[in-house]
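Reader: Hi! Could you walk me through this model? I'd like to go piece by piece.

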Amino acid sequence: MTVLGTERPVVVPVGVPRHIDGDDARDFRALADVFNTALHHDLGLDHLRWDAAEMLPAWQDQTDRLQAAFLAWKDGRPAGALALTAPREEGATELEFDLLALPDARRDGAVEDALLQRLLAEAARLGRTHVQTYTLHRADAGGERIGSPTGFGSVPVDRYSRFYRDHGFTLQQVERNSILDLTAPLDRVQELLATAEAAAAAGPHYRLRTWTSPTPAPWRAEFAHVISRMSTDAPFAGLTMTEETWDAARVARRDERLRAGGLLVSVAVVEHVPTGRLVAYNELTIGADRTRPTNQWGTLVLREHRGHRLGTLVKCANILRWRELVPQSPVITTFNAEENRPMLDVNEALGFTPLTVAGAWQRVS
Ligand SMILES: CC(C)(COP(=O)(O)OP(=O)(O)OC[C@H]1O[C@@H](n2cnc3c(N)ncnc32)[C@H](O)[C@@H]1OP(=O)(O)O)[C@@H](O)C(=O)NCCC(=O)NCCS
């Protein structure tokens, strides 16, 4: 006889389904449901959601990144979820994960403990010594806080920070998640675009280009280069981050995964005309439901081309383009390290306002 509420959780791997609507996708869909229920409960917000249909192509084609997940079953239902992702580059030591339990399955911590044990076992099996996760907290959370070792930002001492601190993780960095209201007039974006155009025009010969994914074939190799710099040039504080290897074929695989997942991606880039090289980029994305929040992905200017407001240029140009492409999306959401002043300066000037806080934790074995 099973006594409800006392059964130990059982952790079971989630398989890769063929199609998102199939019976074999039940656990895969449950994974997203667990994360979404837990996130909504914790934050009282739903601007950050897992979407199983969007995720599936990255699971079916794991050429470039490893993906895996587990459900913790308790009392006949999925009560907690663990998702892992890791770079496949030679010598990579890190593994990033998300781990959450349903609100009504948290009382004794057994679900989270079981998933964490599984995570550590998987990391050991895969030879990954640096396991990393992001905890999410409301920006207005009060009480005691843990400061980022970077000196910028802090996270509240809540059940998540306590859980990771008690299990050998150290806070490495704090990120600010902010949003930009797309329903208000974008006059400020127009003004900043004009300033950035003037600054860029005063420097070397630059040309702004935009496209909607897939990446035009002639630009794939160049786009691969600027995307790869995101893994080396953005601030990661004490987090171990493998330098990603990108080429035109990887860009094409990524475009195909994004298409298969129903994502719309708008890209703004800057070409350095004398060399024909791309030196800056910005990406905005949204899933099949175009009324959802828009995600801001990478923004980057190559080091040797900084100081010409190219970051502002690609950002503003893409936001204004996006308003035409996806007028139904109400906000853009973005994450920036609290110590990333150059990027925060741009976002604050545009009118982004803080909504949640992310703590980056790492455990080294
Ligand atoms: C954020 C970023 C796009 C801004 O680049 P940019 O558009 O060239 O910046 P600006 O032209 O507005 O620069 C303003 C000033 O800050 C300086 N600056 C820009 N980025 C800087 C950086 N990462 N570190 C130190 N100084 C920087 C510029 O040299 C310039 O100085 P100046 O006024 O003395 O000439 C760029 O720093 C970058 O690509 N960073 C790495 C990627 C990244 O962090 N992306 C965001 C991840 S969330």
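Reader: Let's start with a detail. Where is the place of Pro-214?
Author: Pro-214 sits in the loop between strand 9 (206-212) and helix 6 (220-233). Helices (H or I, at least four residues) and strands (E, at least two) are DSSP runs, numbered from the N terminus. Before we go on, this is a predicted model, where local features need pLDDT of at least 70, side-chain atom pairs count only at pLDDT 80 or more, and totals for chains, interfaces and linings use all residues. Residues are numbered from 1 along each chain as its sequence is written, and side-chain values use heavy atoms, with hydrogens and water left out.

Reader: Thanks. Which residues does the cis peptide bond join?
Author: Ser-213 and Pro-214, with omega about 10°.

Reader: And what about phi of Asp-75?
Author: Phi of Asp-75 is positive, near 50°, and this residue is not a glycine. Asp-75 belongs to the loop between strand 2 and strand 3 (77-87).

Reader: Zooming out, how is the protein chain divided?
Author: Into domain 1 (10-179) and domain 2 (184-329), with bounds from an automatic or database domain assignment. Their C-alpha centres lie 27 Å apart.

Reader: How many residues are in contact there?
Author: 23 residues of domain 1 touch 21 residues of domain 2, where contact means heavy atoms within 4.5 Å.

Reader: What is the area buried between domain 1 and domain 2?
Author: About 1,800 Å², with carbon and sulfur atoms giving 49% of that. Buried area here is the accessible area (1.4 Å probe) that two parts lose on being put together, summed over both. On the domain 1 side, Glu-54, Asp-64 and Glu-89 lose the most area to domain 2, together 31% of what that side buries.

Reader: How many salt bridges does the rule find across that interface?
Author: Seven. The rule asks for a side-chain nitrogen of Lys or Arg within 4 Å of a carboxyl oxygen of Asp or Glu. By that rule the count comes to 29 salt bridges.

Reader: Which residues does Asp-64 pair with?
Author: Arg-253 forms a salt bridge with Asp-64, the closest N and O atoms being 2.7 Å apart. That pair links distant parts of the chain, 189 residues apart: Arg-253 is in helix 7 (residues 248-260), while Asp-64 is in the loop between helix 2 and strand 2 (65-74). Arg-257 also meets Asp-64 in a salt bridge, at 3.1 Å, N to O.

Reader: How many residue pairs are in polar contact across the interface?
Author: The rule finds 10, both residues at pLDDT 80 or more. A polar contact is a pair of N or O atoms within 3.5 Å; within protein, one must be able to donate a hydrogen and the other to accept it, and residues adjacent in sequence count only if both atoms are side-chain atoms. Helix 2 (52-60), strand 5 (130-138) and strand 8 (170-181) each supply at least two residues of the domain 1 side that touches domain 2. Helix 2 gives the most, with four residues.
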